[in-house]
Amino acid sequence: MSKLVIVESPAKAKNIKGYLGKGYEVIASMGHVRDLPAARLSVDIDNDFEPKYAVIKGKENFVKDLKKKADSADFVYLATDPDREGEAISWHLATLLGLKMNEQNRVTFNEITKNGVQNGMANPRAIDIDFVNAQQARRILDRLIGYKLSPFISQKIRRGLSAGRVQSVALRLIVDREEEIRAFVPEEYWSIDAKFTNPPERKVFAAAIYSKNGEKLKIENKEQSDKILYDIENAEYIVSSVKKGTRKKNPTPPFITSTLQQEASRRLSFQARRTMKAAQELYEGVDVGEMGTVGLITYMRTDSLRISDEARAAGNAYIEQTYGEKYLPKKPRFYKSKGNIQDGHEAIRPSMPNVTPESVKGYLTSDQYKIYKLIWERFIASLMEACQQETMKIDISAGEYVFVATGYTVKFDGFTALYEEKADDEKTSSTESPLPAMKVGDVLKLKSILGNQHFTQPPARYTEASLTKALEENGVGRPSTYVTITSTIINREYVKREGKQFVPTELGEAVTSLLKDKIPNIVNVKYTSKMETDLDKIDSGEKNYKEMIRLYYDEFEKPLEKAKEEMQGVKIKLKEEETDVVCEKCGRNMIVKVGRFGKFLACPGYPECKNTKPLVFKTKAKCPQCGGDVIEKKTKKGATFFGCSNYPDCNFMTWDAPSDEICPKCGKSLFRRRGNVLYCPDTEGCGFTKSSRQKKTEEE
């Protein structure tokens, strides 16, 4: 018998084929094979929102070949990814191939290991139509909102803009935060910080003034600070209270998609797309020597914190063998998932907990290793005993004033022997530190005392990590969509990155202001969260997906039509970006305009002067062939490359980004290739290269 197994990616197809052996043909669909055509709305609003699907352009021949293979096979298994999107792809495949919808031909693999594949194949089921409808409802609503709303804001603000069910809420969060920052008025306050020793010990510890005559102090200015310093100038510092206690610090749960993206951003400075690329590769399978090609982690798109009994047992065995029995909690720790999770997936964990990051490091790329190490350590730590700490709070009397020192010592490190979650704010660190032994009545020696000026700080701008966290906490979007959301608002130039922070552009603020004023539901966090919750109810069959679409489309269409009427002939004017490029026809500084084919330079003297030019982004690098400027260019599909400004006289081009550094051997500009390696592209064979590791060593 011949059996056809259809998966999504070629890498996964190759690895699964190795586990299934003879009698099976495994082929990759390369994602979706059928979708709503982009050239039109493709949803029949008057016919109960019936979607008009078509084979994706360019996949027609693949679908024909797939039909032939399916017709000649004795059985077809649909083994696309184990989520809504994967379920929908299986449904589209079944429709195209003429398979029965109630046939037990749907298999899922939580991990691409021998056991994971065999378990999946041993438990086929029918396609979950509720799951499919949940995906269809999102797809159709996104299409309706995007295709109706985008032309409106493009007409009112600027050509080529877009809006969406989730991206517009994400943009509003960023814009609202920027408005909070602008409106913030800093307030001055002072602290009085001292350092002491407790003779005969030499250990110096810190304390801060806290109260006067039992009332908490608020020091608002230098005069108040100086008055207090004068009052205690000749004071004796005596320990008046010593309070000891214990506290338990529990480990964080294993990763779900959003928390993996957040932690990789905080700890590794990875953007979400980079994190998910490495995680996808680890899930689909990596050649790790004698073990062969194996998936090192479970499915990486999940919002469930559940872990299997087998994985728990394997993790516990590793902990006991490596750290000892005392590092295992007396009662197993179970984590509860928040809200309405989309399925019964496990959390993201190593598929084989006994395979340590170091044991496979030599087989992984740098990104794969870093992400695997993060996932493995987080999972193992989540099973370990809590950290036990002994706390101390010391009150130090200075006349009518009291200073307070706090600290702790670790009685038992527990899970912190392996892993601790990084704080959202990298600069945040505990003010606590270990304290020397003290008892009531001890007279301390003052080493230093200072009044320090401070100002209250505005809320921090969103980073990719904190935006993902905010969207998740507000129930907006789903883990699999966060990468697309952030990339869309950046590509549309609604926000820009400054370091790790998102800063809204004038364009982004104009779009948000228009939507808040005219179609407020689209940028209302609570409304979008409710919509997401209702869409989740389609999964379990609680809600009819067509009724859901009708409800939310009606609530969207009415304010949109009203806005169109109210804003007839109205155009929102943005501030034009002036450049230092001088118009050679009239001498004015040219401005940046946006047309059908992107940005270009135009003379502000239009219509008297109609001069235009291509917009060129010049880098600091010089062409290695002719010495001309290296400029940034775009392909027709929008991909970035770099070439010589003297083209066509000079045909130098490269996909590698130019750096600001100069080759120490020949003096030409260095470029940066994959792996963060600087190299000299000198055609005469200079051959100089320098890795980021070399650069770091030189700086040290």
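## Salt bridges within and between elements

In this predicted model, Arg266 counts as buried, at 7% relative accessibility, and its side chain meets that of Glu263 in a salt bridge with an N to O distance of 3.0 Å. Glu263 is buried as well, with a relative accessible area of 0%. Both residues belong to helix α8 (residues 257-268), where, being three residues apart, they are separated by about one helical turn. The count of salt bridges for the structure comes to 44.

The side chains of Glu661 and Lys690 also meet in a salt bridge, at 3.1 Å from N to O. This pair links distant parts of the chain, since Glu661 lies in strand β27 (residues 657-662) and Lys690 in strand β30 (residues 689-691), 29 residues apart. Glu661 is partly exposed at 21% relative accessibility, whereas Lys690, at 10%, counts as buried. In the salt bridge between Asp517 and Lys518, the closest N and O atoms are 3.8 Å apart; here Asp517 is exposed, with a relative accessible area of 55%, and Lys518 is partly exposed at 21%.

When neighbours within four places in sequence are left aside, Glu532 is in contact with Arg138, Arg165, Val166, Gly475, Val476, Gly477 and Arg478. A polar atom of the Glu532 side chain lies 3.1 Å from the backbone nitrogen of Gly477.

Strands of a sheet pair through backbone hydrogen bonds, in a parallel or an antiparallel manner. Three strands form an open sheet here, in the order β2-β1-β7, and the pairing is parallel. The edge strands are β2 (24-28) and β7 (75-78), each of which pairs on one side only, and the twist from one strand to the next averages 20°.

Strand β1 (residues 3-7) runs parallel to β7 and is joined to β7 by four bridges; the bridge partner of Val5 in β7 is Tyr77. Helix α2 (residues 60-72) packs on the sheet, where it touches β1, β2 and β7, and the direction of the helix makes about 165° with that of β2.

## Aromatic pairs

A search of the whole structure finds 16 aromatic pairs. In one of them, the rings of Tyr283 and Tyr299 have their centres 5.1 Å apart and their planes at 70°, so the pair is edge-to-face. Tyr283 lies in helix α9 (residues 272-284), while Tyr299 lies in the loop between β13 (293-294) and α10 (309-322), so the pair ties together parts that are 16 residues apart in sequence. Tyr283 is buried, with a relative accessible area of 0%, and Tyr299 likewise counts as buried at 0%.

Tyr553 and Phe556 form a tilted aromatic pair, at 6.3 Å centre to centre and with 55° between the planes. They lie three residues apart in helix α17 (residues 545-566), which means that about one helical turn separates them. Tyr553 is buried, with a relative accessible area of 3%, and Phe556 counts as buried at 5%. Elsewhere, ring pairs link Phe196, Phe205, Tyr237 and Phe403 into a cluster.

Note on methods:
Residues are numbered from 1 along each chain as its sequence is written. This is a predicted model: local features need pLDDT of at least 70, side-chain atom pairs count only at pLDDT 80 or more; totals for chains, interfaces and linings use all residues. Side-chain values use heavy atoms; hydrogens and water are left out. A salt bridge is a side-chain nitrogen of Lys or Arg within 4 Å of a carboxyl oxygen of Asp or Glu. Helices (H or I, at least four residues) and strands (E, at least two) are DSSP runs, numbered from the N terminus. Buried means under 20% relative accessible area, exposed over 50%, partly exposed in between (1.4 Å probe, protein chains only). A polar contact is a pair of N or O atoms within 3.5 Å; within protein, one must be able to donate a hydrogen and the other to accept it, and residues adjacent in sequence count only if both atoms are side-chain atoms. Contact means heavy atoms within 4.5 Å. Two strands pair if DSSP finds at least two bridges between them. Axes are lines fitted to C-alpha atoms, for helices over the stretch in contact, and angles run from 0 to 180 degrees between N-to-C directions. Rings of Phe, Tyr and Trp (its six-membered ring) pair if their centres lie within 6.5 Å; planes under 30 degrees apart count as stacked, over 60 as edge-to-face and the rest as tilted.
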